[in-house]
Amino acid sequence: MAIFAAICSSEKKGTQKHLVPEAELKVDWGIVGDAHAGNWHRQVSLLSRSSVERMQEKLSSYRLKPGDFAENILVDGVEVKALPIGQKLRLGAQAVVEVTQIGKECHHDCVIRQRAGDCVMPREGVFVKVIHSGVIHVGDTVEQI
């Protein structure tokens, strides 16, 4: 079973995301209070914990934390990069999202890319839009529907 390992948010673009215990997902918006929310196709970003663990193996002097890749939701128990565009996911008890994009261009000034010579988000990050609102909590389930 897939669960939320972490939920992260930032109030301002260009700043580090920080851990939050819960988040409100709003239709056609994303995470309420997150700087990257808006009426577009990349409202919320997801990354698998296994992707972060593979990157950690490449880094000996830097300890990765949730949010270091600017992901909103860190998922344990499913490889989100394998989800097809159009896949719907139930997040927690009520929220429903739809996969809209796999990967993205990485900023060359990305701290992780500078330290490791690589960044996982362009290949393994997934972006979704919110199609049914709800509140999510760390430990909630992620279900393909």
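The model described here is predicted.

**Charged pairs**

Side chains of opposite charge can pair when their charged atoms come close. Here, a search of the whole structure turns up eight salt bridges. Lys88 takes part in one of them, with Glu98 as its partner. Lys88 sits in strand β7 (residues 88–91) and Glu98 in strand β8 (residues 95–102). The two are 10 residues apart, and the pair links distant parts of the chain.

Strand β7 also holds Arg90, whose partner Glu143 lies in strand β11 (residues 141–144). This pair links parts of the chain 53 residues apart. Arg90 is partly exposed, at 29% relative accessibility. Glu143 is partly exposed too, at 41%.

Asp34 lies in the loop between β4 and β5 (44–48), and Lys17 in the loop between β1 (2–9) and β2 (18–20), so the pair ties together parts 17 residues apart in sequence.

| Salt bridge | N to O distance |
|---|---|
| Lys88 and Glu98 | 3.8 Å |
| Arg90 and Glu143 | 4.0 Å |

Salt bridges also join into a network, which links Arg54, Glu79, Lys81 and Glu124.

**An open sheet**

Three strands form an open sheet in the order β4-β3-β10, with antiparallel pairing. The edge strands are β4 and β10 (134–137), and each pairs on one side only. Between β3 and β4, the antiparallel pairing runs over two bridges. Lys26 stands opposite Gly30 in β4.

**Positive phi angles**

Most residues other than glycine have a negative phi. Which value does Asp28 have, although it is not a glycine? Its phi is positive, about 55°. Asp28 belongs to the loop between β3 (22–26) and β4 (30–31). Asp28 is partly exposed, with a relative accessible area of 42%.

Ala70 is not a glycine either, yet its phi is positive at about 65°. Ala70 is found in the loop between α1 (49–58) and β6 (73–76). Its relative accessible area is 37%, so Ala70 is partly exposed.

Technical notes: Residues numbered from 1 in each chain as written. Predicted model: local features only at pLDDT ≥ 70, side-chain atom pairs only at ≥ 80, totals over all residues. Heavy atoms only, no water. Helix = DSSP H or I, 4+ residues; strand = E, 2+ residues; numbered from the N terminus. Buried < 20%, exposed > 50% of the residue type's maximum accessible area, 1.4 Å probe, protein only. Pairing = 2+ DSSP bridges. Salt bridge = Lys/Arg side-chain N within 4 Å of Asp/Glu carboxyl O.
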